[in-house]
Amino acid sequence: MADISDDILFASVRELAGMIRTRKLSPVALAEACLDRLDKLGPKLGAVVTVRRELGLKEAAEADKEIRAGKYRGPLHGIPYGVKDLLATKAIPTTWGALPYKDQVFDHDATVVRKLREAGAVLVAKLAMVEIAGGFGYNTADASFTGPGRTPWNTDYWSGGSSTGPGAAVAAGLVPFAIGSETSGSIITPAAYCGVAGLRPTYGRVSRHGAMALSWTLDKLGPMCRTADDCGLVLAAIAGADPLDPTAADKPFTYKEPLTLPSPPRGEGKRPRLGIIKGSSDKGQPEVRKNFAESVRVLREFADVEDDVALPDLPFGPVVGTIIDAEAASAFRDFIESGHSRELRAPNDRWGAYAGATILAVDYLQAMRVRGLMKKAMDDLYAKYDALIGPSRTTVANPIGIDFDKSYPGMYGGPPIIQAGNIAGQPALSVINGFGENNLPTGLQFTGRVWSEAKLIALAHAYQQKTEWHKKRPKVGS
Amino acid sequence: MDASLRTRREFTQTVALLAAAPLGLTAPGTALAADEKPETIFALTEALSGVVETRFGKFLTKEQMLEVQKAIARKQRNAEIMRQVKLKNSDEPAFAFRADV
């Protein structure tokens, strides 16, 4: 049996699956190593709420027994993972990152947790998150009752949110994969700031049953992993229809290997067609822009890349903000009216929901009607490309202790890629593409037409086959 | 925690700041419609702030109430920006009600 070295802890799910299936690696030993690491490093990164030691080891032992008996469930069998603490798990708290909910316990598991258990994965931790998934308007990294999430690349900087724990835990080798969520940026941002692969699936690809609802029409659950290929393996386990969530579409997602992309020499046949979102790298830190330019050079080796593809000229920002405000104000109406906002950690969260609660019904409906036009306009645009790309964020992670709007003056702006994609329900995948100031990672995002996750994974995988960024390891705990 | 109403001068300053430097979720390059006056946003902000004050004032400090008012002003500006997108009667919201249970 393999010793649990750093090579094991930072291996991909696919690599670990190969070792577990051939019994070169014990699921119990792997789970123990992850649990020890979660205990030792999790608090330093603000990444963990609850370590699920006893139940996790029990699941690992069951996985080991089944595999020895020849009952191999698939590539996630025996693989430890963590979930953002907005996913219900029986018998242990589901805190939503917020002090008023720290003792909340549900009597059921979220569908995603059930599906991962059926796939044989081993749940070892509930991972930290920004309180209420950031829906009340936080403007600072210290926005969880567990303290600020920290990127393991430089712990003076934020992990990104609201999936703070999943991003940090995967990057630091505490778990091989995690489940995060995104309403508007909460998978893509920590993926970029922690240097991991984060996949925001198409809205409706994954059941939301058992997940805290911030915005019913915007919330999505998705994998955060070391590689794009791993995101495919995890998505295959969690996707699909669910009678408990009527918005979960009957669109099966099967995945064994990345799609093979056509690869004729340039000019001799059809290659993948990518577009650079216009203006996406005009603003931002110099290293972000430089890393993106280098990423484009790599992508041009196997894809045709068109410059300056403009997003539709529509008010994506006001629309997404109005929808989140109104839906969050309703979803948390009792909480808001009870005054419990006063117990939240981030100063803006203590008053933000009250402003959000003033959205008029006609304005919410205006946003939802404009959203219909936006969906059509985005789909018309994306139909012409295999993916549109841009930097995942215009800066590296924010320093802890400085409000976001003061962190990097003049470095924000550009096209509303995250807002537009979330409004349209489209998927996106962020992978690491280099490093910027203070040893902090930068990200490249692939955005696609609805239901095009397989294509995005294939493109990002092809990029990762030609680069080594995803193999780098932060020094924390080494 | 007591909250007290802001003066008209403070409101005016807030809306003036908003008109000069759009914040938060406003789309880049957007402007108020030619016939839209800051006073409309001012009046809406004042009215909605009164709602917050009435319902939730006991939970907010004076400083927090000021932040709420600024945020309301930004959200009203966003509402005006969305209103500039012309819709037809047949443009339905991006959700569908189904009668089947």
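Which side chain meets Arg55(B) in a salt bridge? Keep that in mind as you load this predicted model, and start by selecting Arg55(B) and Glu337(A): their side chains form the salt bridge, at 2.9 Å from N to O. The count between chain A and chain B is 2 salt bridges, alongside 6 residue pairs in polar contact, both partners at pLDDT 80 or more.

Next, colour the helices on the chain A side of this interface. Those giving two or more residues to it are H10 (316-331), H11 (333-338), H12 (349-356) and H13 (361-382). By class, the chain A side divides into 16 nonpolar, 9 polar and 9 charged residues.

Now show both chains together. Here 34 residues of chain A are in contact with 34 residues of chain B, and the two chains bury about 2900 Å² between them, 73% of it on carbon and sulfur atoms. Pick out Trp351(A), Tyr354(A) and Arg369(A): this trio supplies 23% of the area chain A buries against chain B, more than any other three residues.

Last stop, within chain A: select H8 (228-238) and H16 (453-465). Their axes come within 8 Å and cross at roughly 150 degrees. Angles over 145 degrees count as roughly antiparallel, so that is how H8(A) and H16(A) run relative to each other.

Key
Residues numbered from 1 in each chain as written. Chains lettered and ligands numbered in written order. Predicted model: local features only at pLDDT ≥ 70, side-chain atom pairs only at ≥ 80, totals over all residues. Heavy atoms only, no water. Axes fitted to C-alpha atoms, helices over the stretch in contact; angles between N-to-C directions. Helix = DSSP H or I, 4+ residues; strand = E, 2+ residues; numbered from the N terminus. Parallel < 35°, antiparallel > 145°, perpendicular 65-115°, else oblique. Contact = heavy atoms within 4.5 Å. Buried area = accessible area lost by both parts, 1.4 Å probe. Salt bridge = Lys/Arg side-chain N within 4 Å of Asp/Glu carboxyl O. Polar contact = N/O pair within 3.5 Å; in protein donor to acceptor, adjacent residues only side chain to side chain. Nonpolar A, V, L, I, M, F, W, Y, C, P; charged D, E, K, R; others polar.
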